[in-house]
Amino acid sequence: MPFKFIKLPRANFSIILIMIYCITACNSPQKENNEGFISRLHTPKEKDDWCYILGPTTLNKHWKDFKSIDWEKEYWEEDKSGNENVSFLEVMDTKNNTHFSVSTFPLNNNSFQYSIWVGSRSVYDKSGKEIEKGYVQCYLLDSNDPAKVKRLMDIFFTRNYKLFFDEILKLEYRFEIEDTYQNLN
C-alpha cells in the first residue's frame with residue numbers, strides 16, 4: 001500500500017512543525033556548544049566572596065581545572081583551621097545567565113561530599129543599576145565521587161537544562177542564598 005499524504009490546513013501544519021521542533025529541542029541530546037561559558041575559581045587563600053575569572057572554558061578545560069584541585073586535601077585543611085573557606089569552581093553560561101559551581105561539604109566525621117551550587121547572576125541595566133539579584137541554591141551530592149560531578153558537567157555544557165535540573169532536583173536541597181561573589185581580576 002503506497003504512502004498517502006494527508007492534506008492539513010496550513011495553520012495545523014505550522015503548529016505540528018513547531019511541536020516537533022519543541023519536542024526535539026527539549027528531549028534530544030544537544031551537541032556541545034562551548035561558546036559563552038566562563039569559569040571562575042575561589043580558593044581558601046582568597047577572602048570570602050572573592051574569586052578569579054579563569055576565562056572562557058570548554059567542558060574538557062573545566063574538567064581539567066576540576067581535577068587539578070586537591071579537593072580532599074583542601075577540605076581537611078579548612079576543616080582543621082575552622083575557617084570553612086573552601087574552594088569553589090564555577091562555570092557560568094553567559095548566554096542563559098546560569099551558573100553551576102562545585103565545592104565541598106561535610107559528609108561525616110571521616111569524609112566529605114561535593115556540594116553543587118546552581119543559580120543566576122545579578123542582572124544590571126545599562127546604567128549599572130542592579131535590577132535583579134543573583135542567587136544560588138546549594139544541593140549535596142552525598143558522595144565525593146568525581147564521576148558524579150563529571151556527569152553534571154557533561155549535561156550543563158550541552159545546555160540541556162531540563163535534564164540538568166531534573167538531576168539536580170534528585171539531590172538533597174540545603175538552602176538558597178544571595179550570590180555575593182565578586183571578581184578579583
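A residue is called buried when its relative accessible area is under 20%. The model discussed here is predicted.

With that cut-off, which residues of α5 are buried? They are Y161, F164, E167 and I168. Viewed down the axis of α5, these buried residues fall within an arc of 125°, so they line one face of the helix. The cover over the buried residues of α5 comes from several elements, and contact here means heavy atoms within 4.5 Å. Among the covering elements are the strands β1 (37–42), β3 (88–93) and β4 (98–108). The cover also includes β5 (111–120), β8 (135–140) and the helix α4.

Between α4 (146–157) and α5 (161–168) runs a loop, and N160 sits in it. Is N160 buried or exposed? The relative accessible area of N160 is 11%, so this residue is buried, the limit being 20%.

The wider setting can be given in a few totals. The protein contains five helices and 10 strands. Of its 185 residues, 38% are buried. Among contacts with a separation of 6 or more, 61% are between residues 24 or more positions apart. The accessible surface of the protein comes to about 12000 Å², and carbon and sulfur atoms account for 56% of that area.

How values were computed
Residues are numbered from 1 along each chain as its sequence is written. This is a predicted model: local features need pLDDT of at least 70, side-chain atom pairs count only at pLDDT 80 or more; totals for chains, interfaces and linings use all residues. Side-chain values use heavy atoms; hydrogens and water are left out. Helices (H or I, at least four residues) and strands (E, at least two) are DSSP runs, numbered from the N terminus. Buried means under 20% relative accessible area, exposed over 50%, partly exposed in between (1.4 Å probe, protein chains only). Accessible areas come from the Shrake-Rupley method with a 1.4 Å probe; for residues, only the protein chains shown count as cover. The arc is that of the directions from the helix axis to the C-beta atoms.
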